[in-house]
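Please look through the structure shown below, and then follow the report section by section with the model open beside it.

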Amino acid sequence: MKTLEYQKIVDTVADLCMKANMHLNNDVLTAFQTSYDNEESEVGKEVLEKLIENAKIASEEEVAMCQDTGVAVCFVEVGQDLVITGGELEKAIEEGVRKGYQEGYLRKSMCHPFTRKNTGDNTPPVIHTRVVPGDNLKITVAPKGGGSENMSALKMLTPAQGKKGVVDFVVKTVEEAGPNPCPPIVVGVGIGGNFERCALLAKKSLLRPLDKENSDPELREMEKEILQKINNLGIGPQGFGGRTTALAVHIEMEPCHIASLPVAVNINCHAARHAEAVL
Amino acid sequence: MAEYHLTTPLTDDDVLKLQAGDRVYLTGVIYTARDAAHKRLLDLIEKGEPLPVDLAGQIIYYVGPTPAKPGKVIGSAGPTTSYRMDSLTVPLLEKGLKGMIGKGKRSAEIREALQKYNSVYFGAIGGAAALISKCVKKAEIIAYEDLGPEAIRRLEVENFPVVVANDCHGNDVYQEAVKKYKKQ
């Protein structure tokens, strides 16, 4: 039976926190470049150019690309045949976040909701664990900034509102957010499940690389339709106007109750950060 | 759209000539403050006590930087979303605050207040934090160190690139942008 040491998990999570915050993935950089080539607004082009430059500086100097280094959202897949030794899995992840945010000079952004007293080490992380077949441990760290998270929304639509209701709600959410969530954004949409499940689906959809198509043809078409509508809004990079309001729309969908049509829109800023490791 | 190089503190004439959409490069001293620091400043004003900094002619930058790596002046330091400060801004304008730097739209109340107090709201590039940190030549905490990233810092900046988002004439770059680029 495969065993995995507590400390190995700690060190891996710490590395992922730093990696995700400092090195923007190539799919996002490519999307910046494509948007730059297609952007008709002069100031929009300038913004995209500076974002590319910013990502380069962050990566070369190993500093955070954005000062908001986010809530450490961790997606964990635990193989059911894996044995973890030396401590608890969730404690290891928490310690990894503490270590990564300290050693990486990342901002500690977690605080008490009312007193606003900072926890001082960016814990607790938000951990989503799934037990899967096999004996691997897959960890994805997706630091999520507050500015774009604040512009996210969830609505329990009626079944009669249907697909059109979903499309309209997503576009309206992005329109109302306007310049606030740091466009160009990535829009994660969760449809179905129930109240909490659709939010998780929306978050999870943000992990998909920007250059990877949705495997479901119906959702793929819907993503294209919504993206077109969003980019017709004219908000543009940073809201200064232009064609690039969103880089991508990602949808995940699951069955839901006969009475409901839950939909969640999780907006991600252009710093679409995530890093993963398989142990 | 014009381009200006301005030195802080800002004068009434500096503010009057700015139009939404203008590009501005700021040089000089600016102060950082975001949610928690604003709350403390307003508490002081309510009690009639002096503020840790004289705001007349000054600019507040809405930012909570990352910790500085050894040898660096400051960590990554891009703007945070400004609307959260909307309900906390007018008392600072009354104290002479001439400018704010952040990202995203402001409320109708603030847009009107900018006209009344002859002040300006600049938008910086959200998320360009590593790049913007290069404009910061000196940084020191001057109040509320216990707030960590939310402490008030005195920054000396050089050619900090911003766009006039709301001028003192009632114009709004975000509304104008949508008008210009929206497709039906």
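## An enclosed strand and its two partners

In this predicted model, Gly190(A) stands opposite Glu252(A), a residue of strand β8(A).

How many of the residues of strand β7(A) are buried? The count is 9 of 9, and β7(A) is therefore largely enclosed by the rest of the structure. As a general point for reading any such strand, in a regular strand the side chains alternate between the two faces of the sheet.

## A four-strand sheet

Chain A also has an open sheet of 4 strands, arranged in the order β4-β2-β5-β10 with mixed pairing. The edges are taken by β4(A), residues 126–132, and β10(A), residues 275–278; each of these has a single partner strand, so one side of each is left without a neighbour in the sheet. On average, and with direction ignored, neighbouring strands of this sheet are turned by 15° against each other.

One of the pairings in the sheet joins β2(A), residues 71–79, to β4(A) in the parallel sense over 7 bridges, and Gly79(A) stands opposite Val132(A) of β4(A). Helix α4(A), residues 89–103, packs on the sheet and touches β2, β4 and β5 of chain A, while its direction makes about 140° with that of β2(A). Helix α1(A), residues 6–22, lies across β5(A), residues 137–144, and β10(A), and runs at about 40° to β5(A).

Two packed helices are described by the angle between their axes and the distance between the axes. For α1(A) and α4(A), the axes come within 7 Å and cross at roughly 45°, which makes α1(A) oblique to α4(A). The crossing of these two helices is right-handed.

The residues of α1(A) that meet α4(A) include Tyr6(A), Ile9(A), Val13(A) and Met18(A), and those on the α4(A) side include Leu89(A), Ile93(A), Val97(A) and Tyr101(A). Sorted by class, the contact of α1(A) with α4(A) has 12 nonpolar, 4 polar and 5 charged residues.

The axes of helix α2(A), residues 26–38, and helix α3(A), residues 42–61, come within 9 Å and cross at roughly 155°. Because of this angle, α2(A) is roughly antiparallel to α3(A), and the crossing of the two is left-handed.

On the α2(A) side the contact is made by residues including Leu29(A), Phe32(A) and Tyr36(A), and on the α3(A) side by residues including Leu48(A), Leu51(A) and Ile52(A). By class, the contact of α2(A) with α3(A) has 7 nonpolar, 2 polar and 3 charged residues.

When its neighbours within four places in sequence are left aside, the residues in contact with Ser119(B) include Val15(B), Leu93(B), Met100(B), Leu114(B), Asp167(B) and Cys168(B).

Notes
Residues are numbered from 1 along each chain as its sequence is written. Chains are lettered from A and ligands numbered from 1 in the order in which they are written. This is a predicted model: local features need pLDDT of at least 70, side-chain atom pairs count only at pLDDT 80 or more; totals for chains, interfaces and linings use all residues. Side-chain values use heavy atoms; hydrogens and water are left out. Axes are lines fitted to C-alpha atoms, for helices over the stretch in contact, and angles run from 0 to 180 degrees between N-to-C directions. Angles under 35 degrees count as roughly parallel, over 145 as roughly antiparallel, 65 to 115 as roughly perpendicular and the rest as oblique. A crossing is left-handed if the near helix is turned anticlockwise from the far one by less than a right angle, and right-handed if clockwise. Contact means heavy atoms within 4.5 Å. Ala, Val, Leu, Ile, Met, Phe, Trp, Tyr, Cys and Pro count as nonpolar, Asp, Glu, Lys and Arg as charged, and the others, Gly among them, as polar. Two strands pair if DSSP finds at least two bridges between them. Buried means under 20% relative accessible area, exposed over 50%, partly exposed in between (1.4 Å probe, protein chains only).
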